[in-house]
Amino acid sequence: MVMDFSFEAQKTQQRLLSELDFSPLTSKQKSIFTARLETNFKPLFEQLFPLYQHHFDLHFHLKTLLQSFIDFQKKKRPAQIKDKSDFWFESNKNVGMAVYVDLLADDLGSLIDKIPYFESLGINYLHLMPLYLAPEGNSDGGYAISDYRTVSPNLGTNKDLKDLASALHKKGIRMVLDFVFNHTSDEHRWAAAAKSGDQEYQDYYHFMGEQDAMEYNQTVREIFPQIRRGSFTYLPALDRHVWTTFNSFQWDLNYANPAVFVAVVEEMLHLILNGCDVLRLDALAFVWKEKGTVCENLPKAHNLIKAFKACLDIAAPQVVFKSEAIVHPDEVNKYIGTDECTLSYNPLMMALLWESLATRQTSLLYHSLERSFKIPEHTTWVNYIRCHDDIGWLWDDAISGRLGMDGFGHRRFLNQFYTGQFEGSFAAGVPFQENPVNGDCRVCGTLASLAGVENAVAADDPVLLDHAIKRIRLLNGINFAMPGIPLLYQGDDLGVLNNNDYLNDPSKAEDSRWVHRKKLTEQDFALAQDIKTPQGNIAQLVQEMIQIRKANPLFAAPEFELVSLGSPHVFAFKRQMGDKTLLVIANMSEHLVSFERPLNSIMQKDSAHNLLNKAVVDLVTLNTIEPLDILWLA
Ligand code: OTU
């Protein structure tokens, strides 16, 4: 429920306007800025008031915040991409990729040389994994940030990053950077001050005694149970426990302190100065904590994120937020909105596509998407099959329950299936973070290894290999055709397999996610050029699908509907724009499957083209689909 603080907001806004120093701005800049403030101050105040109304210094914090927005307007940043529409994220031209700078290239400078590769593939949304200063050795893949204002010297300089942003923008490629705002590394200057006993900075984090830590531990989920039990790290020198949801060197920030909110917004502005177009809100579910709760997805986390969004709309409205909530589907959706996150990972669809490949059944996929796929107008899913993290089996257990599945047992099956412990499984995944108490676990591996290429090559079995490649085609074919921005993970377009080098590096060996974070070599690219290799086949099918998607506005059609064809193995959906229809049909099984509903009634015509092979299809008579095939009918 939104409370109405109109009167308070108005009063505060008037006072602040008279106190702020607008002298840095030209009169034109001032009028643009005050117009944005006029629209967005109330939303900002409405979100912050419930969080901080009892803080005697709230007015001071608001003033600091607005003044930093004014000063920010003067700062130079790389030129933005000029678009005809504010809703660029709704276009069928969008295709994303997530890359580690040093795994795809060597550093930011040499990543510029990869722009022709992005262009030839059709990538125009590039997520660069965290690239800021971080502890040497294990830094959780860069997700432990020691300074948001400094690029890691291993990757280059701030100028290199800005140059890269300019070079990307010139080619129409948007740059996505992480906003890791739930935690800093324990080497961040705030953490260092806290360690040295500075009370002001200890209040930036959650410091507490043993008793409190124990009480919180009773209700919070363990995220990395193989690394450390519970969510706290004991600091002997201070005899205090500090909240660390992830690794012990990642200290959770204390947003109950308004100074933290203001300080983190200022860091956010520094990220934007580098020229990013999208900020990926890392681990946003964890940002608000209350004793006796799970400390995830709490209502006040939404107040906080909406407040960040209002700040963004005042300071840098061209930038949008992308949510990284890998939680229960109902909770994932709550972060999505024009007043919160414009974009969101779609972890539900990701997990259930893998689920249906394993079971060869689509009922859980249908019923779950039926409930959760629809999101508000002018917000967009970022659809993906694999990312830099593990796969977690997230769905609503009430839905699996109604379908007669036991959630716990089914997750156990999926873990065994994808880690190759299930008889007859095609997958070669690796377990991640097995919980010794509840047996919970997640799965790592590249797309190709999980889909069966690795095992098929090892067995030298052409039939298995054919199936594996068809699975990759199937998953990509759904991902590229569903409403949203399809996001590839580096190497998956090249058919890269799992890589065990990380086991020899003590700073990585404990974290099996590195199995799918391989340094890409000349050889990986060369294999993908050779159509006689599985990698070459995969690269080609990905390229072709991207081209078809980008050439056809139907892939941006707003009307979307899941379609049931009456077969438990088939997944189908249609998109509609005016009188044009795109019908996608996918067979998750290794058998020829027939369906009951006549296609001509769905498409309102008697013949169509399969965009994937240009064949003409008779919609009146077609009632079967080949093993693991996918059709894009239009
Ligand atoms: C994110 O993911 C990042 O994507 C990870 O790479 C980081 O390690 C982590 O945050 C810490 O910064 O635990 O396994 O339920 O799943 O936010 C991935 C949400 C993670 C978490 C998700 C987190």
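Residues are numbered from 1 along each chain as its sequence is written. In this predicted model, local features need pLDDT of at least 70 and side-chain atom pairs count only at pLDDT 80 or more, while totals for chains, interfaces and linings use all residues.

The protein chain is assigned domain 1 (1-74), domain 2 (88-183 + 263-553) and domain 3 (555-633); such bounds come from an automatic or database domain assignment. The centres of domain 1 and domain 3, taken over C-alpha atoms, are separated by 52 Å.

Helices and strands are DSSP runs numbered from the N terminus, with helices (H or I) of at least four residues and strands (E) of at least two. Axes are lines fitted to C-alpha atoms, for helices over the stretch in contact, and angles run from 0 to 180 degrees between N-to-C directions. Helix α2 (residues 27-52) packs against helix α12 (residues 299-315) at an angle of about 160 degrees, with the axes 8 Å apart. This makes α2 roughly antiparallel to α12, where angles under 35 degrees count as roughly parallel, over 145 as roughly antiparallel, 65 to 115 as roughly perpendicular and the rest as oblique. The α2 and α12 crossing is left-handed, a term used if the near helix is turned anticlockwise from the far one by less than a right angle, with right-handed used if clockwise. Residues are in contact if their C-beta atoms, placed from the backbone, lie within 7 Å. On the α2 side the contact includes Arg-36, Leu-37 and Asn-40, and on the α12 side it includes Lys-300, Asn-303 and Asp-313. By class, this contact of α2 with α12 has 11 nonpolar, three polar and four charged residues. Ala, Val, Leu, Ile, Met, Phe, Trp, Tyr, Cys and Pro count as nonpolar, Asp, Glu, Lys and Arg as charged, and the others, Gly among them, as polar.

The axes of helix α14 (residues 347-359) and helix α15 (residues 363-372) come within 9 Å and cross at roughly 165 degrees; α14 and α15 are therefore roughly antiparallel. Their crossing is left-handed. Seven nonpolar, three polar and one charged residues form the contact of α14 with α15. Among them are Leu-348, Met-349 and Glu-355 in α14, and Leu-364, Leu-365 and Ser-372 in α15.

For helix α20 (residues 462-479) and helix α22 (residues 534-551), the axes come within 10 Å and cross at roughly 20 degrees, so that α20 and α22 are roughly parallel. The crossing of α20 and α22 is right-handed. Their contact comprises eight nonpolar, three polar and one charged residues, including Ile-469 and Arg-473 in α20 and Pro-534 and Met-545 in α22.

Strands pair if DSSP finds at least two bridges between them. Four bridges join β8 and strand β9 (residues 240-243) in the antiparallel sense, and Phe-232 stands opposite Trp-243 in β9.

Another open sheet has four strands in the order β18-β19-β20-β25, also with antiparallel pairing. Its edges are β18 (559-563) and β25 (630-633), and the twist averages 15 degrees from one strand to the next. Strand β19 (residues 570-577) and strand β20 (residues 580-587) pair in the antiparallel sense over eight bridges. Ala-572 stands opposite Ile-585 in β20.

How values were computed. Contact = placed C-beta atoms within 7 Å.
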